[in-house]
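Subject: Structure handover

Hello,

Here is the structure I promised to pass on. Please open it alongside this note.

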Amino acid sequence: MEIIHSSKEIQNRMIAARAEGKRIGFVPTMGALHTGHIALAEKVRPDCDILVLSIFVNPLQFGPSEDLDKYPRTLESDAEKAQAAGVDIIFAPSPREMYPQGFETTVSCGSITTRLEGAARPGHFDGVTTVVLKLFNIVQPHVSVFGQKDAQQVLVIRRMVEDLSIPVELDILPTVRESDGLAMSSRNAYLTSEERLQGPIIQRGLLDAQEAWNRGERNAEQLRKIVLNCYAQSSLMTTEYVSVADYSCVELSGEISSEVLLSVVCRTAVSQTRLIDNSIMKLLD
Ligand code: AMP
């Protein structure tokens with residue numbers, strides 16, 4: 001496995017690989033790799049000849065008061081994990097390499113990016129789509145895999161790929177969880193041991209709503225209330241939002257007649273860690 005820092009170098013290599021008929025798979029990440037990231041790599045590995053994983057803590061997608069500076073950067077151990085997962089090339093550019101002096105372009109995907117995470121983190125999705133399109137242009141993947149853990153991100157990237165006719169297939173991996181149900185995240189490293197013990201409550205709320213849904217509950221307010229009631233039991237977490245929305249991330253009310261993206265954000269009391277999770281509830285008929 002190689003680690004490449006230069007975008008020109010990897011782009012030239014990928015253009016040559018494409019010319020030889022090689023199929024390129026791509027996993028974009030911000031590093032601090034955990035089992036969820038590794039599962040993304042393993043999912044796409046059999047579907048490509050060359051597997052590229054990028055590690056870039058993208059300043060454009062962090063707000064001014066967010067955790068850009070303290071976000072974990074662990075390239076050495078990431079490289080070991082990526083190699084074990086069958087990654088051929090790690091692309092690890094510096095911020096200056098991605099955004100040289102004079103960089104001015106923003107890719108913006110419209111109304112979906114103003115809702116949920118976009119409302120809570122203004123500008124976040126512009127940062128995501130700008131870096132993902134740039135990474136696609138550098139790596140030139142045939143297939144790229146993303147996690148359902150960031151469900152709105154998947155919907156936004158799908159929008160961009162469709163709207164801009166980007167020639168890449170998207171593959172989505174279900175959320176990978178710790179054995180107690182907490183969704184894996186690089187940010188879980190921030191949690192105090194007491195906060196970590198309460199982590200499973202986040203999925204518990206989603207499962208409570210899923211059970212109610214399975215029993216026939218279709219009222220959006222009721223579903224929201226079920227999740228909020230569950231989170232009220234946690235002494236170490238406040239709920240930032242519980243959203244019952246459609247696939248355009250528009251909040252639903254009253255009786256639901258579409259598929260639902262139930263997404264939640266909690267903030268822990270001591271380390272002030274922002275934890276996100278979601279589940280999708282489908283109508284069977
Ligand atoms: P990040 O490094 O947080 O930017 O995430 C890189 C990719 O890994 C994104 O597509 C995420 O959705 C995905 N990802 C992160 N955590 C998980 C998880 N627990 N399960 C599945 N995919 C994940």
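Below are notes on the helix packing and then on the ligand.

This is a predicted model, where local features need pLDDT of at least 70, side-chain atom pairs count only at pLDDT 80 or more, and totals for chains, interfaces and linings use all residues. Residues are numbered from 1 along each chain as its sequence is written, and side-chain values use heavy atoms, with hydrogens and water left out.

**Helix packing**

Two packed helices are described by the angle between their axes and the distance between the axes. Helices are DSSP runs of H or I, at least four residues long, numbered from the N terminus. Axes are lines fitted to C-alpha atoms over the stretch in contact, and angles run from 0 to 180 degrees between N-to-C directions.

Start with α6 (residues 124-139) and α7 (residues 151-163). Their axes come within 10 Å and cross at roughly 55 degrees. That makes α6 oblique to α7 (under 35 degrees is roughly parallel, over 145 roughly antiparallel, 65 to 115 roughly perpendicular, the rest oblique). The crossing of α6 and α7 is right-handed (the near helix is turned clockwise from the far one by less than a right angle). In contact (heavy atoms within 4.5 Å), α6 brings Phe125, Val128, Thr129, Val132, Leu133 and Phe136. From α7 come Gln152, Gln153, Val156, Ile157, Met160 and Val161. By class, this contact of α6 with α7 has nine nonpolar, three polar and no charged residues (Ala, Val, Leu, Ile, Met, Phe, Trp, Tyr, Cys and Pro are nonpolar; Asp, Glu, Lys and Arg charged; the others, Gly among them, polar).

Helix α1 (residues 7-19) also packs on α6, at about 55 degrees with axes 7 Å apart. Ser7, Ile10, Gln11 and Met14 of α1 touch Asn137, Ile138 and Val139 of α6.

Next, α9 (residues 200-214) and α10 (residues 220-231). Their axes come within 8 Å and cross at roughly 145 degrees. The crossing of α9 and α10 is right-handed.

**Ligand**

Which residues come nearest to the ligand? Of the 16 around it, they are Met30, His37, Asp150, Val176 and Met184 (around means a heavy atom within 4 Å). Polar contacts are pairs of N or O atoms within 3.5 Å. A ligand oxygen is 2.9 Å from a polar backbone atom of methionine 30. In histidine 37, a side-chain N or O atom is 2.9 Å from a ligand oxygen. For glycine 147, a backbone N or O atom lies 2.9 Å from an oxygen of the ligand.

Best wishes

Methods
Helices (H or I, at least four residues) and strands (E, at least two) are DSSP runs, numbered from the N terminus. A polar contact is a pair of N or O atoms within 3.5 Å; within protein, one must be able to donate a hydrogen and the other to accept it, and residues adjacent in sequence count only if both atoms are side-chain atoms.
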